[in-house]
Amino acid sequence: MKYCNSLTKYSRFFTREVMVGNIGIGGNNPIRIQSMTTTNTMDTEATVNESIRMINAGCELVRITAPSRKEAENLQNIKNELLKRGYNTPLIADIHYTPKAAEIAAKIVEKVRVNPGNYADKKKFEEIEYTDDSYKIELQRIKEKFTPLVKICKKYGTAMRIGTNHGSLSDRILSRYGDTPKGMVESAMEFLRICKDENYLEIIISMKASNTRVMVQAYRLLVAEMIKEKMNFPLHLGVTEAGEGEDGRIKSAVGIGTLLADGIGDTIRVSLTEAPEFEMPVAKKIIRHINEIKNHQKICSLIKNPLHSFDYKKRKTNTVMNIGGKNPPIVKGDFSLKKKITPASFFALGYSYSIALDKWHISEMAADYVFVGDHNLDFEVPGTLGVIYNYKKWIQDKKGYPLLTVNEYLKEKVKSEKINMIYTCFSDLSQELTNKLKTDKTAVLLIDTNNNNGIAEQRRLLAELINNKIKTPVVIGRTYQKMSEQQLQISSSVDIGALLIDGLGDGIFISASECISDQNNNSLSFGILQATRTRISKTEYISCPSCGRTLFDLQETTAKIRKETDHLKGVKIGIMGCIVNGPGEMADADYGYVGTGPGKITLYKEKTVVEKNIAENEAVNALINLIKKHGDWIEKN
Ligand code: SF4
């Protein structure tokens, strides 16, 4: 199934232009940046002030929640006040559950967002048996509820986003298609068909999820479906509930960046549990990175496509020590450019040394390998850390493992019996090399690229290996220079995340000592693996960005919960601002902390309510007790 113009030549999937007020989305317009306010919509002054901060930070469209009629009506006051202060940025009303609010808002603002999972349905988490006939009756019911809004939008020139969320699919869709990318696409398609029947086409579509793999697959499937049905609606990209800080930024860059690199996406929203104006710089960095891959060097086309772009399937590879096979991807640090390496240098790679016990302690985020180039290490390194030397240096001392150039590998007379890492670019792939790799059970490729579109070139290399039945594990290497640490965080997350999401890569190696400290580089590498769910080394927080519905201080609460639980590797905790959308949107969280009313919290174990309306000041302890009760708690070291 085709989902983008080309896997080897970047170009944007061409969509029809939809005007949202004075801003065009899709067509030849640049990728637009948008965000959402977090204030109470009834507080006009606060919402206007926050909108202005967002606009000044680069937000081109401002979304505001309208949970009921009164908030929808107040959008007029917000709009008037913004205009009075000289801002004509298009406004979007965010609607869940209340068609009447949508119908009011559609006459005031430039765009309404509806969630097909809850526009015409109340969510009860029920599994319902449908026959084809009873399903048709359901569709007719939806049509009756949704058509009035379509007619208003058509009459007032208002655009619409059909915004599907993985976590809030209707019981009807879940019963028929399951919790799948296919279900997400069908959820939007049902609404889209109603719009088409009404000849209303000012539509933008989104397929958000907090799981980056599900999100990427759903958008690709949607585009494939649109191509099949000869549609080309613009796409709004976003990773929901991405969280905050480094994790939120990496997750957003992985999900949004992977699709933009495919050429998919016309407007983006980075969703962080932080003040919304902090989202714009992240969005700009993602777009800047994609703009840099545009005019890339030629990559030969792919005749036979062996990649799994719609479902996750890890490339089958040999097991070479702890690399490849069923092992999670390894992290390799780079000490090669250091002036001096001392035992203390390894602290940055997740190791600490206890003098009393004369022992290295290994953290959950300890690098597996380190490249030291031609350095001499005259002390004991942590036993679990593999040390890689340049081949010529390795030949002299035979310590650790060698890194060879392709030339050295093809001519080698002596090699390691355990691991031989070969530095390889796409242009190095020759018949001679592939023949040798086929029979070598010690080889690991460290791939690199100089192509501006390194994603496409490295993906092409991996496709070539698959097509030639070469099972050599691959460490994805990227070198970065002359960029800020913040840009590096985004660029590397896009470049490497895009491959890992497709099941490609057995490890990562980010060489960027000019741009980032060793410690932050190590944390970035583990963050990318966590965001692609290829190696889980920490707690995962699925926290909503907050909006006018939020019932507590999300940032403060998230920080409190994080402080108590950040050692619970692999546990997924949803922290959601409201009971209306929270339970659905936290999707696959193991535990949920959801605001139910002012000062009141409800706790969930997966999708089941376990404690209702706990006082906020007791809720974090209650959450800890719940985690303990289910055996997921460990004490901090
Ligand atoms: S879950 Fe959070 S962002 Fe979503 S509607 Fe509720 S408070 Fe707003």
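In β8, the bridge partner of Gly163 is Ser206. Strands β7 (residues 159-165) and β8 pair in the parallel sense over six bridges; two strands count as paired if DSSP finds at least two bridges between them. This is a predicted model, in which local features need pLDDT of at least 70, side-chain atom pairs count only at pLDDT 80 or more, and totals for chains, interfaces and linings use all residues. Residues are numbered from 1 along each chain as its sequence is written, and side-chain values use heavy atoms, with hydrogens and water left out. Helices (H or I, at least four residues) and strands (E, at least two) are DSSP runs, numbered from the N terminus.

**The eight-stranded sheet**

- β7 and β8 belong to an open sheet of eight strands with parallel pairing, in the order β8-β7-β6-β5-β4-β3-β10-β9.
- Its edge strands are β8 (203-208) and β9 (236-237), each of which pairs on one side only.
- Helix α9 packs on the sheet, touching β3 and β10, and its direction makes about 155° with that of β3; such angles run from 0 to 180 degrees between N-to-C directions, with axes fitted as lines to C-alpha atoms, for helices over the stretch in contact.

- Five of the five residues of β3 (residues 32-36) are buried, so the strand is largely enclosed by the rest of the structure; buried means under 20% relative accessible area, exposed over 50%, and partly exposed in between, with a 1.4 Å probe and protein chains only.
- Arg32, Gln34 and Met36 point one way from β3, while Ile33 and Ser35 point the other way.
- β3 pairs in the parallel sense with β10 (residues 267-268) over two bridges, and Arg32 stands opposite Thr267 there.
- With β4 (residues 61-65), β3 pairs in the parallel sense over three bridges, and Gln34 stands opposite Leu61.

**Helices α1 and α2**

- β3, α1 (residues 44-56) and β4 make a right-handed β-α-β unit: with the strands pointing away from the viewer, the path from the first strand over the helix to the second runs clockwise.
- α1 and α2 (residues 69-84) pack at an angle of about 50°, with their axes 9 Å apart.
- The two helices, α1 and α2, are therefore oblique to each other; angles under 35 degrees count as roughly parallel, over 145 as roughly antiparallel, 65 to 115 as roughly perpendicular and the rest as oblique.
- Thr44, Thr47, Val48, Ser51 and Ile52 in α1 meet Asn74, Asn77, Ile78, Glu81 and Leu82 in α2, where contact means heavy atoms within 4.5 Å.

**Two buried residues**

- Phe191 is placed in helix α6 (residues 181-197) and counts as buried at 1% relative accessibility.
- Beyond its neighbours within four places in sequence, Phe191 is in contact with Pro116, Tyr119, Ile142, Phe146 and Ile162.
- Ser271 lies in the loop between β10 and α9 (279-293) and is buried, with a relative accessible area of 5%.
- Leaving aside neighbours within four places in sequence, the contacts of Ser271 include Val239, Glu241, Ser252 and Pro545.

- β12 (residues 351-354) and β13 (residues 359-362) run antiparallel and are joined by four bridges.
- Tyr353 has Trp360 as its bridge partner in β13.
- Four residues lie between the strands of this hairpin, and Asp358 takes a positive phi near 50°.
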